[in-house]
Structure formats: structure tokens, C-alpha cells
Amino acid sequence: MIHYIENDFLRVGIKEFGCELTSIISKETGSEFLWQGNPDIWSGQSPILFPIIGRLIDDRYTLGNCEYEMPKHGFARRMPWKLLKKNDSNISLVLTETEDTLRIYPFRFELIVTFSLDKSKLTVSHEVINKTDGNMYFSLGAHPAFNCKIGDRLIFDRNETLEKIKIDLEHSLRLPETFPLLNNEKEIIITKDVFNEDALITKGVKSEKITLVSDGLRRKVVFDLGKAPYLGIWAKPGAPYVCIEPWNGVNDEQNVRVDFSQKEGIVTLASEEKFSFTWSADFSE
């Protein structure tokens, strides 16, 4: 089922399965800002990454004395969610543990995601509540894909000096070395080759926002990163979209095995505590 929210500026669709954005349309021009998930290229549109981001070594992790198996990017994107509340311009959906999730992730939780509109801005807020006795460990990330074309630009709001974390293309794991991405610069140009080595993954971004600029500065998506510690930027090489991905967590590093509670970027949440993460995007043409 697809739920819609709208105001005078935007009409936004959200799929109940996976709690995934499926459409962001300008009411003024009829333009679609969100990638429409062509299965011949990439069928995703805006998956929610939980309770891991990226891939684990051998798709497995150890917690205490137990070993569990977990698919790439976790299970939230492959599950039915429940409608919590809805009005014209605001909707909240919730995901909780099931018998199936408890077999691969031994925590009881609530993950509530709220989509809200204010003029031309869409805000997406995530709240994780630990319903387990004792600490809960997780990662949480966003993966929205916006329509674009070769030659469009991503512009940070501050000059950035950043290193790129490369991914082993065979196993989707982080390599130990990093490589230059930006040197006191603001722009990344989307070329047909920029994602040949998979996502551009970095950390330590100073900017609060990154802007996708198209059509001679007219069409823009101003994306607020929500102060996430990691940022992924990705598309299939040459595809007409780009994903802007603020992450609270990151892929496993090649050959580095640690307890899940010690995984790089992992979030630790005490019983009944809440973790909040919000990103937003403002659309204009």
C-alpha cells in the first residue's frame, strides 16, 4: 500500500512495505524528484538501513558468545511496517521486532519514521526506542535517490577536505586505506565514471547541507545531512540518479572482526532510551 501526504507545494508517496519513499512531485510543475526504481538499473528508491549499514564480514556478526546472520543493510527495508498516524501533510509508520527478526537480531525495539511537509521541504525523522533489558546496538541510515543527469553537481555548503573510504567490490567491505576525495573544495561533479568503484563514502563532513544542482542552477535539492557521522554518495555508474546517504554506522572493514558492540560507528542505546536522527530536503526549480 502507498500512502500520500501533500500540501500546496509537494505530493509525496510512501510505501508501507519498507517505509520507503516512492514519489516526490512538485505540485507546480508536475516534476518528479525521486528516482522511480527501474529494476533494470536499481529497483530501490529510498530504503531505510537498519540495524546495520553496508555488509558484514561473511554476512555474520558475533554478539557476546552468539553468532548471527544479517543481510546487507539489515532487514527494515524488506519488512511490512504499520501505520501509526496520518494527516494531510504528516505521516508516521512503525516497525517492531518479530519472531523472525529476533532470530537474527536479539533486541526488542520500536523504529518510528515520520514524514512531514512544510512548504517545499520534506523532513524525515527517525526515532529508535530500545525495548530490551540492557543495551541495544544498531546502525541507522538513509538512502534516498534523486533524479539527476550526468554533469549535475553536488555542492557542500562549506569547503571540505575529505578522504574517501573505498569498498572491496567483491565482498562490499571497507578497505583499510583511504584516498583523497576533496581538497578544500565544495563540488563533486556527477560523471559517468564517478561511481565505478562503488559509493563515495567519507566521514568528518563539516557541512550541514549538500545541494544537488541541475539545469543551470534552476533545479535544486537542498539536502540537510542531519549531522550524521558518515556520508555515502552513490549510483550505478552512468545511471540518471544519485543517492545522498547520511549514515549512523558503516560497513565492516575487511579482515577486522570485533564483537558487534564494538563495531565501528555502532550506536549504543540503553534500555527504554531513544535515539533520534532527522534529514530533510528542500525542492525547487
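## Basis of the model

This is a predicted model, in which local features need pLDDT of at least 70 and side-chain atom pairs count only at pLDDT 80 or more, while totals for chains, interfaces and linings use all residues. Residues are numbered from 1 along each chain as its sequence is written, and side-chain values use heavy atoms, with hydrogens and water left out.

## Overall form

The protein holds 1 helix and 21 strands, where helices (H or I, at least four residues) and strands (E, at least two) are DSSP runs numbered from the N terminus. The C-alpha trace spans about 55 × 45 × 35 Å along its principal axes. For 285 residues a compact globule would have a radius of gyration near 19 Å, and the 18 Å of the protein agrees with this; the radius is taken over C-alpha atoms, and the globule rule is 2.2 Å times the number of residues to the power 0.38.

Of the 285 residues, 52% count as buried, a term that means under 20% relative accessible area, with exposed meaning over 50% and partly exposed in between (1.4 Å probe, protein chains only). Among contacts between residues at least 6 apart in sequence, 65% join residues at least 24 apart, contact being defined as heavy atoms within 4.5 Å.

## Pockets

Rolling a probe the size of a water molecule over the atoms shows where empty space is left. On a 1 Å grid over the protein atoms alone, a cavity is a set of points where a 1.4 Å probe fits but cannot get out, whereas a pocket is an open set with protein on both sides within 12 Å along at least five of seven lines, and lining residues have an atom within 4 Å of a point. Grid points are joined across faces, edges and corners, and a volume is the space filled by probe spheres set on the points.

The largest pocket contains about 320 Å³ of space, and of the 20 residues that line this pocket, Lys72, His73, His143, Asp198 and Trp234 are the closest to its centre. Its lining comprises 10 nonpolar, 5 polar and 5 charged residues, with Ala, Val, Leu, Ile, Met, Phe, Trp, Tyr, Cys and Pro counted as nonpolar, Asp, Glu, Lys and Arg as charged, and the others, Gly among them, as polar. The second largest pocket is lined by 18 residues, of which Ile57, Asp252, Val256, Arg257 and Val258 lie nearest its centre. Here the lining divides into 7 nonpolar, 3 polar and 8 charged residues, and strand E4 (residues 60–63) gives the most to it, with 3 residues.

## Cavities

The structure holds 2 cavities of 30 Å³ or more. About 50 Å³ of space lies in the largest cavity, whose lining has 8 nonpolar, 2 polar and no charged residues; among them are Cys19, Leu21, Phe115, Val124, His126 and Trp279.

The second largest cavity has a volume of about 40 Å³ and a lining of 4 nonpolar, 2 polar and 2 charged residues, including Phe33, Phe146, Arg219 and Lys220. Strands E12 (145–147), E16 (209–214) and E17 (219–224) each supply at least two residues of this lining, and the largest share, 3 residues, comes from E17.

Strand E9 (residues 121–130) is largely enclosed by the rest of the structure, because 7 of its 10 residues are buried. Strand E8 (residues 109–118) runs antiparallel to E9 and is joined to it by 10 bridges, two strands being taken to pair if DSSP finds at least two bridges between them. Asp118 stands opposite Lys121 in E9, and in the hairpin of E8 and E9, with 2 residues between the strands, Lys119 takes a positive phi near 55 degrees. E9 is also joined to strand E21 (residues 274–284) by 9 bridges in the antiparallel sense, with Ser125 opposite Thr278 in E21.

Strand E3 (residues 20–26) is likewise largely enclosed by the rest of the structure, since 6 of its 7 residues are buried. Strand E2 (residues 10–15) pairs with E3 in the antiparallel sense over 6 bridges, and Lys15 stands opposite Glu20 in E3. In the hairpin of E2 and E3, which has 4 residues between the strands, Gly18 takes a positive phi near 80 degrees.
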